[in-house]
Structures are given as C-alpha cells and as structure tokens.
Amino acid sequence: MDSLSQIPGVGPKIIEKLKRLNINYSKDLLYHFPNRYIDFSHSVKINSILENENVTITGQILDFKNIFTKTGKNIQKAIITDNTGKIDLIWFNQPYLSKNIKTGDILSFAGTVSLFQNKKTIIAPEYGPHNTGKIIAVYPETNGLTSKWFRKIIQTQISNLLNPVTETLPTDLIKKFKLLDLKTALLQIHCPTDSQLLSQARTRLATEEILSLQIKSYLSKKDWLKQNPKTKIKITKPIDKKIKDLIKSLSFKLTDSQNKVITEIFSDLTNPNQVMNRLLQGDVGSGKTIVALLSCYLTHLNNSLSVLIAPTEILAHQHYQNFQDILKDKNIPIFLMTGSKKIDLKKIPKNAIIISTHAIIYKKDNLKNKISLLIIDEQHKFGVKQRSFLNSSTKLPHCLTMTATPIPRTISLTLLGNLDISIIDTLPQNRLQIKTFLVPDTKKINCYKWIETEIKKTGCQAFIVCPFIDISESMASVKSAIKEFEFLSKNIFPNLKLGLIHGKIKSETRQKIIKQFQDNKINILITTPIIEVGVDIPNSSIIIIQSADRFGLAQLHQLRGRVGRGHQQSFCYLFTESQNSKAINRLEFLEKNHNGLKIAEYDLKNRGPGEAFSTIQHGFPSLKIASFSDAKLISFSQEILKEIIKNYPEFNFSQIISENIISESINN
Ligand code: ADP
Ligand code: MG
C-alpha cells in the first residue's frame, strides 16, 4: 500500500495526526469522507430566508468591519446585499478575513440563519467565489487538521489517490443495480460536480459499507452451518408426552407467540445436521423464561447438558428458583453457579441443567465439549460470552440468545444475518398498559405523596431507580443510591419500610433484601439500574426513574417492564430536571408508546445505535457514510448480496470487506 509520506506537503507531524484518525495509507484518505457539503450552486434570495434555516446566499459586500469590543473580543462583521435585501454576517476572532472579504466583492456565503442582537444574521458562514456553481466538501475537523487542509490535499492528489483503486463489484451487477462505479463514486464524494452525482456516490459507498457488514454475517453463518451438532436431540413419543404434561401443569396457558417460537427452537434442536444459532427476541414480560425452560427440559430428557447464563446474580437466583418450582418432583439435577456459589463442574451429571452467571465462563474448560444447549439470557454484548465458550469447544452446542431489547429490522439485516431470529410478539393476556408520566422537578414531592397513599391503600410496592451514571455500576452510582436511600428514608417516607440494593452489596445480603421485597416486607426498593434486567416481582406496580433523561429509551422501557407484571394497574414515573427540548421529546415519546420495537427505532433514528443500544451493544461498528436507520438502503444492499450469492459463485468476498475501512464488527 502507498505510504502517506509520498504525498507532497505531508510530513512526519501530519502523519502522526493522520494516524490518530486511523488514516495510515494514502488510500485511507479516500475513505475519510466529508461530513457535509456547501452547495454554492444554489443561492436563495435574502428576503426569503428564515431563522434557523441552512442557506447559501450570493450578493455584494456593502461593508466589512473588524471590531474590537470593550471586553477585548474581536468580531468581524459584514453586510451583504442582493437585489432583494440585506443581511449581517458575523465571525469571531478571524481578523485575517479582511484579506479575503472586501467592500464591493461579490461572494457566496453559506451557514445557518440565527437572531443576533435581534437581527437576522449568519454567524461564521463559510464563503466562496460566486457563480462557480461549486459544491464544496466539508470534512470533520479533528486532531488539528482542518477541513480546508483535507480539501486541499485530497483535491490536489485525487487522481494519484484514485489510481490504485480497483472495482470491487462485477460490472454487470453494477449495471443491474444502477450503481456508480467505485472510482467515480470516490471522486464525486470528494470533488462533487453536481448534486445528483453526489447523491449517487453516497448511495454507492453507503451500499458498500452495509454490504460489507452483511457479508461478514453471511460468511459467519456459512461457517456455522458446516458444524454438526454434538448431540442428536429427539422428540420421541414418551418425551413428547412429558413435555406436554409439563406445559399442562403450568399456572398459565402459553400464548400463541410462545408456542410458535417453541416450535421453531425445537425444530432447530432436533435437526441432526445443523447447530442452532438463534436469537429469541421478546418484549419485557413476554415470557421468554418458560421457552428457555422447555428447551432445557427437552435437552435433559435427551440425557444431555444445558447451561443457562444470566447477566446478573439476582436474575440467576430468580431463574434457579423458577426452574426448581416448575420442574419439581421430576428428579432433575438443577444447579446454580455464581461468583459466590461455586460448584464442581467435573462432577455434574450428563443430564443436568446449570443456571449460572458469567462466572461459569472462567470455568468453561471443565465443561469442554459437554454442553449440548447454551442459553444466554438478556445478552448485553452480542456474541462475546457465546464466542468465549465456543472457542473452547470443538463440538458446538446449540445456542439460544434471548433479548428483550427489540432489534430494529435494519439492524438484524446488517449485523445479525448470521442468526436465525424468533420473535414473541404478543404479551400474555390480562396485562394492563403501564401508565407512564413525565414528572418535572417541581412535582416530585406530590408524586411521592401520592405513592405513599397508594401503598398504604392497596398494599402495592414500588421501585425507585437512581440515576444511571455508568454501565459498569461504579462507586459513583452506588453512592448516589445510598444518598437517595438516606434522604428518602428520613425526609420523605419515614413511615414506610425502605430497602436498598446495589451491586456492591454482598450477594447473600442482596438476596435477602430481594426476598423481603418479594414477601412484601419492604414497601419501596431503592436501587441502581441493576434491576433493569429480568427481575420479576408481580406485586410491585410503581416505578420511579430518577434523571430519566440520562437513560436510553430502550433501557427505560426495560426498567418500566419491572412493573406491570401482575393484574393490577401499574405506573411509571419519569423524573427529570432537564429542560432540553430534545430530551423532553424523547421522554414524551416513551410516555405515549409501549411497543418496544417502536421505541428502539425511535432512539435509533434520534440518537444513533450507540445510544439506543447502550445496554446491549458496546462496540457497535461505527458507520462512515451509511446509517443503521436507513431501511431502504439496507434492503437494497441485501438484494445485492442475494444476487451475488445466486449468480456470482466466484465472487471474492474478502475484497469488499477489506476495501471498506470500517471498525470491527461485533458479530462473530
Ligand atoms: P421475560 O420475557 O421478560 O423474561 P418472563 O419470562 O420473566 O418474561 O415472564 C414474565 C412473567 O409472565 C412471569 O411471571 C411469567 O411466569 C409470566 N408468564 C409467562 N408466560 C405467560 C403466559 N403465557 N401467560 C401468563 N403469564 C405468563
Ligand atoms: Mg427475562
């Protein structure tokens, strides 16, 4: 690959800076895309512009002044006119502008219109010669490298940079899908000649970016499918009867959705030629646990081992309890393993069910090639735990990952194409919608009072979730919960019994507190967001989430799902001190919406994947040009992939993956 040092004007210092942007070879410069453009080819009339609008105007400079204010600031002010009106242009601390902008000049300016000293003004507009009809690329400015620097270096070097670029897609495929060829696309993205070509260039490059992720998933699935399952699981007549009997013995009737996903999973498990790799997606409270239990039961009846991994100790305990209750009198070896409760994995019977936290990962060698079914509940980081297990096995177990965070179709089509997906899309009947209210600071006390009355009247229970400070529950989160507990016990609820849990409380104590809460000996449980996942206490019908604006919507939806599990009406109060209209809008969306998928899609659009999936996906690949919420683009590149698989058996996939310089995918 060509080294950066061959480019004129690029010395060791600049190379250092570029390296920090992950630009290591001259080719990488081509993939450092502009983040926006100024379109000097379309000016609007000055009298037609509106506040907050992003505009380009062209006119004559009436006046240019360099002003020093009394407070020592330095302002540049120009007045520009066209035949419809006048407007002020303001810059701060850019005295050198006087060299380029002179009274009488005819120039174009681009920027956002705002009100400055009550007059429509464009602050710090970009400027360029008029009538060039040019669209100018603006690059993200980082590490002391300006947009101008990038523009200059890339524009002057563009033909050298493009020289070694080779097309990644077959010619007839490019034709069929009406794509630009790669060289033209790269040229247009940096040096656009008109807006239509620019838009085609974006499509081509964005398609390729998504395609490369889809290819990764596809290859990973292909690899997976080469494996044979360790155990042949069968549903013989007696086994079938046992499973039906168990289902009959439940205190509830399975929903149609639950039955559907159970059929899908059982059909995977009994397929003698393929190993299951399935994601079970179902909104909070949709009843995924029983699906997991039945899968483990089937595995047990086939004299094979299953492992269910829960993300927290609280949840592992809860599952263990639940499994024992439902599977009682059947003489099934069920084990619990957590950081504080070790078991000797070497002595585990072949047909056991192990419920564990991630602690089991450190002992995985003892289970080498023994597991037939691996279930990961409330997966926080797709693939990671699973991968660490699988790397240690030569025979892959069937894998089922369960998540309550609904995954927008666009995401599953890009990143999770290697997984089969089962969806529980209805909640059990008789669930009332959780009434959700946004509570501004001034109404907090009223809300507390109402809760106290309600608890005394109906005997219901409440959660109060302290602000989210960081994902790995640091001391800061713990401290804020302790402080809140003390404050509320003393000042707000002296007449009620309050409990406190957080991750730094010893596991046994924590279990005791949860048990007390389950037995209604505690009225209000104060907690850090650790209760987010899975905790199932049907008598609690009120949840307060403090500083709700700090959470992602998907996470708030999860937290809200801690209530509304029984038959009584439940309530969720979102406290916020924020005045930020965007934050308020987000919370208002949650007030009105109860469909997890819709909520996740909203956050994906408004805050991007990192925010929307803050709880489940660190290390989301960061896209350079495509967007995870662009459904059209994503199904378009899906079509292309299908075409490649169908008609281009010789296609070299690695080419696309390496051509695109995207950060590492989370997929395995
Ligand atoms: P999640 O999908 O969030 O893990 P759980 O499996 O914890 O949900 O189920 C939530 C609650 O709903 C549990 O108390 C469970 O016993 C109950 N439940 C599960 N399936 C049904 C059903 N078909 N009808 C009624 N209640 C159900
Ligand atoms: Mg669950």
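**Exercise 1.** Work out in which order the seven strands of the open sheet lie, and which are the edge strands.

*Solution.* Seven strands make up an open sheet with parallel pairing, in the order 11-12-10-13-14-9-15. Strand 11 (334–337) and strand 15 (420–424) are the edge strands, each pairing on one side only. On average, neighbouring strands here are turned by 20 degrees against each other, direction ignored. Strands (E, at least two residues) and helices (H or I, at least four) are DSSP runs numbered from the N terminus; two strands pair if DSSP finds at least two bridges between them.

This is a predicted model: local features need pLDDT of at least 70, side-chain atom pairs count only at pLDDT 80 or more, and totals for chains, interfaces and linings use all residues. Residues are numbered from 1 along each chain as its sequence is written, chains are lettered from A and ligands numbered from 1 in the order in which they are written, and side-chain values use heavy atoms, without hydrogens and water.

**Exercise 2.** Describe how strand 10 and strand 13 pair.

*Solution.* Strand 10 (residues 305–309) pairs with strand 13 (residues 371–377) in the parallel sense, over five bridges. In strand 13, I376 is the bridge partner of I309.

**Exercise 3.** Find the strands that helix 8 touches.

*Solution.* Helix 8 (residues 256–269) packs on the sheet and touches strand 9 (277–282), strand 13, strand 14 (398–403) and strand 15. Contact means heavy atoms within 4.5 Å.

Conventions:
Axes are lines fitted to C-alpha atoms, for helices over the stretch in contact, and angles run from 0 to 180 degrees between N-to-C directions.
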